[in-house]
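Let's take a walk through this protein together, one region at a time. Have a look at the sequence and the model first, and then read on.

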Amino acid sequence: MTTWTRRHIISLADFVPDEYNTVLQTAASFREVLSRRVKKVPTLQGIVVATLFFEPSTRTRNSFELAAKRLSADTLSFTPGTSALTKGETILDTALTYLAMGTNIMVIRHREAGVPLAIANEMDRLESQVSVLNAGDGQHEHPSQALLDLFTICSLLDPDLPRLELLKDKKIAIVGDILHSRVARSNIWSLTASGAEVHLAGPPTLLPKLFASWGMAHQASPVPPTSPEEENSPLPITHYPLPITQPKLFLHWDIEPALQNADFVMTLRLQKERMTQHLLPSLREYHQRYGITRDRLKLCQSDVKVLHPGPVNRGVEISSDLMDDPQFSLISQQVTSGVAVRMALLYLIGGGKA
């Protein structure tokens with residue numbers, strides 16, 4: 001592992017393999033700590049971690065707060081409904097208030113993309129040495145979720161030494177509302193960095209063909225030209241590969257080719273508010289066309305595993321019986337992995353040296 005130098009974790013777009021491996025192997029060491037009778041270490045004693053969640057969260061918030069406490073950090077919790085935001089205080093002023101309280105790490109979640117980055121920039125401008133960790137911002141990214149997904153998969157393949165190279169040439173399908181998913185965006189960065197073959201599948205309204213250009217945003221090569229008629233066409237184009245020089249990222253408007261011989265399947269929460277925007281005909285039809293069921297998994301490798309970031313709409317994204325089947329489901333392992341991975345992230349940006 002290399003020495004960690006990153007102060008903020010806002011996006012995975014510029015992560016390099018060494019950083020991924022440092023996170024994975026640091027998380028593995030904390031997983032061992034969590035298996036002990038006394039699940040606490042003094043690593044961040046004296047450090048103050050503030051969880052500034054401007055939108056509701058169960059798993060992410062509690063996972064970060066538990067991770068901080070396991071590292072012996074002091075925690076501050078922010079709830080917008082009972083805060084000075086209701087009296088007209090700005091988000092930036094809220095962050096400055098927590099800075100004045102002596103906060104060392106701010107974990108920020110907001111429904112608008114860019115808020116964690118704006119606060120990180122302000123902390124840097126003030127030369128405060130405060131670290132900012134993006135816990136999900138709008139339709140931008142959710143780095144810690146993608147890293148715990150990565151850790152869950154790599155730990156399955158090698159429990160003793162989880163590392164990025166284990167996913168090279170593995171086929172991973174991500175199914176659902178790709179367009180609005182910050183989880184999918186972060187997973188695309190991490191999984192393509194590993195050399196995995198990533199297949200995105202979803203309805204054309206939730207997976208426009210232009211999305212292929214997002215996966216190439218950090219590349220020098222231009223996006224293949226697309227006419228307005230082709231871009232807006234509802235025709236069921238099922239396979240749209242990127243140029244061979246780009247990461248192995250593919251788009252499907254039918255689910256079957258995405259699942260064919262897949263090693264892992266990630267299904268995403270279908271945001272029911274999309275129904276009011278007329279992006280889907282019905283939840284029933286969505287499940288019939290894109291829901292993950294036992295029959296559909298027969299297209300995959302025999303040892304395929306299924307992941308979901310939660311919360312899950314049972315019977316919509318995934319059949320209820322499959323979600324609870326330990327032969328296929330890694331969903332409970334994802335929740336467990338979340339604490340170890342977030343311990344690793346807080347440790348690394350909190351001044352720990354790998």
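**A guided tour**

Four strands make up an open sheet, with parallel pairing and the order E2-E1-E3-E4. Strand E2 (74–78) and strand E4 (131–137) are the edge strands, each pairing on one side only. From one strand to the next, the twist averages 15°. Keep in mind as you look around that this is a predicted model.

Let's zoom in on one pair of strands. Strand E3 (residues 105–110) and E4 pair in the parallel sense, over five bridges. Within this pairing, Ile108 has Asn134 in E4 as its bridge partner. Helix H13 packs on the sheet, where it touches strand E1 (48–53), E3 and E4, and its direction makes about 145° with that of E4.

The largest nonpolar core has 66 residues, and the members that touch the most others are Val107, Leu167, Ile174, Leu200 and Leu346. Helix H13 (residues 331–349) provides the largest share of this core, 10 residues. At least three residues of the core come from each of domain 1 (17–141 + 336–350) and domain 2 (145–334). There is also a second, separate core of 25 residues, which includes Ile255, Tyr290, Ile292 and Val312.

Is Leu191 buried or exposed? Leu191 counts as buried because its relative accessible area is 1%, under the 20% cut-off. Setting aside residues up to four places away in sequence, Leu191 touches several others, including Leu150, Leu167, Ile174 and Met266. Ile174, leaving aside its own neighbours within four places in sequence, is in contact with residues including Ala184, Leu191, Val198 and Leu268.

Let's finish with charged side chains. How many salt bridges does a search of the whole structure find? The search finds 17. In one of them, the side chains of Arg6 and Glu19 meet at 2.9 Å, N to O. Arg6 lies in the segment before helix H1 (17–34) and Glu19 in helix H1, so this pair ties together parts that are 13 residues apart in sequence. Arg6 and Glu19 are both buried, and together with Asp14 they are linked in a network of salt bridges.

Another salt bridge joins Asp321 and Arg294, with their closest N and O atoms 2.7 Å apart. Because Asp321 lies in helix H12 (residues 320–323) and Arg294 in helix H11 (residues 294–297), the pair ties together parts that are 27 residues apart in sequence.

Methods
Residues are numbered from 1 along each chain as its sequence is written. This is a predicted model: local features need pLDDT of at least 70, side-chain atom pairs count only at pLDDT 80 or more; totals for chains, interfaces and linings use all residues. Side-chain values use heavy atoms; hydrogens and water are left out. Buried means under 20% relative accessible area, exposed over 50%, partly exposed in between (1.4 Å probe, protein chains only). Contact means heavy atoms within 4.5 Å. A nonpolar core is a set of buried Ala, Val, Leu, Ile, Met, Phe, Trp, Tyr and Cys residues joined through side-chain atoms within 4.5 Å. Helices (H or I, at least four residues) and strands (E, at least two) are DSSP runs, numbered from the N terminus. Domain bounds come from an automatic or database domain assignment. Two strands pair if DSSP finds at least two bridges between them. Axes are lines fitted to C-alpha atoms, for helices over the stretch in contact, and angles run from 0 to 180 degrees between N-to-C directions. A salt bridge is a side-chain nitrogen of Lys or Arg within 4 Å of a carboxyl oxygen of Asp or Glu.
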